[in-house]
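These are my notebook entries on a few residues and side-chain pairs that I looked up, with the criteria written beside each term.

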Amino acid sequence: ALNLSGKVNSKDKKFDIKIFTKDFGIEKFKKIFYGFKFFKEYQNYLSNSILRGDAYLDLQITDKFIKGSGKIIDGRFKKQDYPLSVNHLNADLQIDDNEVKIKQLNGFINGSFFSSTGEIEIPEAPNKPKIRLDFIAQKLDLSGILESGALDSFQFKKLLPESLYGQLENIKLKISTPSRGDYNMEGRFDIKDINFQINEDTPIISDLNGEIILSKNLISSKNLTANINGAQIKGMGAIDISAGHLQSLDIIANKIFAKDLYYLSILDAPKIKEFISEPSGNLDIVLKYNPLGLEIDSNLNKLSFDSVNEKFSESISDMTGKLSYRNNKFNFENLNVSSGLSSGIFNGEIQNIGKDKFEPFFKLLFKGKLHSSLIRKYSPPAIKATLDYEGPVKTELSMNGSAVKQIIDVKVFLDELKYLKFGYWLDLD
């Protein structure tokens, strides 16, 4: 039922109308309010939408204000080609001019219960509504929320959309729109079995679970667990939403594939792709990152890769040992390295790896066997002209300096050489 009473003065364009409804179909309001100035902004949005349910209204509408109250019973909303639908919607509203106070709002979004209270200020078009809501939900499907565009400001669109699915659970949020076209969300929710892939080169991150806390400019996480190609990951971190970059990250991973870390390039410091090709093997790693720097401690298990830097271009295989990085410096502890017919153990450090220019400073100890083919390749021209030899050279080497100038102390044992020739005047077999 719909009851209308009031006065309309077409000459002065003034009106004072009272509307009272009982068991009135919501979808009929699209026709009733068609042409009203405050409704024009939403006509295109609602034109291809399905609205169902009963409305109870007690309103006074004048040329200056709207006041009254309203209730929605068992409402339903579905917009064509939109991934979210609302069913069994019940609302208790207080209307004062352009402000709608939501005393109670609850229903089911895609089958999951939610409830909300708050206020919505509806300005004249084209200004967007200002919203202040408290929102609680048991569970929401992540893929549907992303397709709706509700989380665009969190830059999830950078992920492969078809790879992203999972659930948000135990949701408690405060939602507000401080300015036109922008909004804030504060609160928390749990993530359940989230899967996603950043791009086609990166591995799929699966079974991501944990707690997410939202503040005005920060998304932080606690008790995160995930799986990357069978490797179990634990961690926590924070993302600065306004700046769009990672603020902090703590990760513990066991037996994670080196190529997965290589392609994830979470921090891009140091810029590892400038120095090596795709690696194989795996490692145990503890990673900590904050604005003050990056710290990594790792145990390597048979890592293999090709060095692609112009200063040293070789294949490295079956690397094992401990490798750490902090304060722009790599530290090696019993790092067992093989390259072709050469092999040995490194201890020491390399600094300045992460600088804009590749100007490392070495402080290294090496003990092993260097094959003549490798020594000859990197020997000074004078030594190349003086010596000719073939075979492994037992070597104990201490090197300090940079890529331009080094101080080297070396002790070699020649008993495994096939031959050694000094220029043209001495031949030792």
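I began with glutamate 295, which is partly exposed because its relative accessibility is 36%; in my notes buried means under 20% relative accessible area, exposed means over 50%, and partly exposed lies in between (1.4 Å probe, protein chains only). I note that this is a predicted model, in which local features need pLDDT of at least 70 and side-chain atom pairs count only at pLDDT 80 or more, while totals for chains, interfaces and linings use all residues. Residues are numbered from 1 along each chain as its sequence is written, and side-chain values use heavy atoms, with hydrogens and water left out.

**Entry on arginine 326.** I looked up the partner of glutamate 295 and found a salt bridge with arginine 326, the closest N and O atoms being 3.6 Å apart; the term requires a side-chain nitrogen of Lys or Arg within 4 Å of a carboxyl oxygen of Asp or Glu. Arginine 326 belongs to strand β18 (residues 315-326) and glutamate 295 to strand β17 (residues 293-306), so this pair ties together parts that are 31 residues apart in sequence. For the record, strands (E, at least two residues) and helices (H or I, at least four) are DSSP runs, numbered from the N terminus. I then found that the side chain of arginine 326 also meets that of aspartate 297 in a salt bridge, at 3.0 Å from N to O. Aspartate 297 is in strand β17 and arginine 326 in strand β18, so here the parts tied together are 29 residues apart in sequence. Arginine 326 counts as partly exposed at 25% relative accessibility, and aspartate 297 likewise counts as partly exposed, at 35%.

**Entry on aspartate 250.** My search of the whole structure gave 17 salt bridges, and one that I examined joins the side chains of aspartate 250 and lysine 288 at 3.0 Å, N to O. Since aspartate 250 lies in strand β15 (residues 245-257) and lysine 288 in strand β16 (residues 280-290), the pair ties together parts that are 38 residues apart in sequence. Both ends are partly exposed, aspartate 250 at 26% relative accessibility and lysine 288 with a relative accessible area of 41%.

**Entry on threonine 395.** Is threonine 395 buried or exposed? I found it buried, with a relative accessible area of 4%, and placed in strand β23 (residues 392-402). The side chain of threonine 395 reaches the backbone oxygen of valine 393 at 2.9 Å. Leaving aside residues up to four places away in sequence, threonine 395 touches Phe366, Lys367, Gly368, Leu370, Val410, Lys411 and Val412, where contact means heavy atoms within 4.5 Å.

**Entry on lysine 79.** Lysine 79, in strand β5 (residues 66-79), is buried as well, with a relative accessible area of 13%. I also checked its C-alpha atom, which is separated by 4.1 Å from that of serine 49, a residue 30 residues apart from lysine 79 along the chain.

**Entry on leucine 414.** I placed leucine 414 in the loop between β24 (406-413) and β25 (419-422), and noted that leucine 414 is partly exposed, with a relative accessible area of 43%.

Note on methods. Polar contact = N/O pair within 3.5 Å; in protein donor to acceptor, adjacent residues only side chain to side chain.
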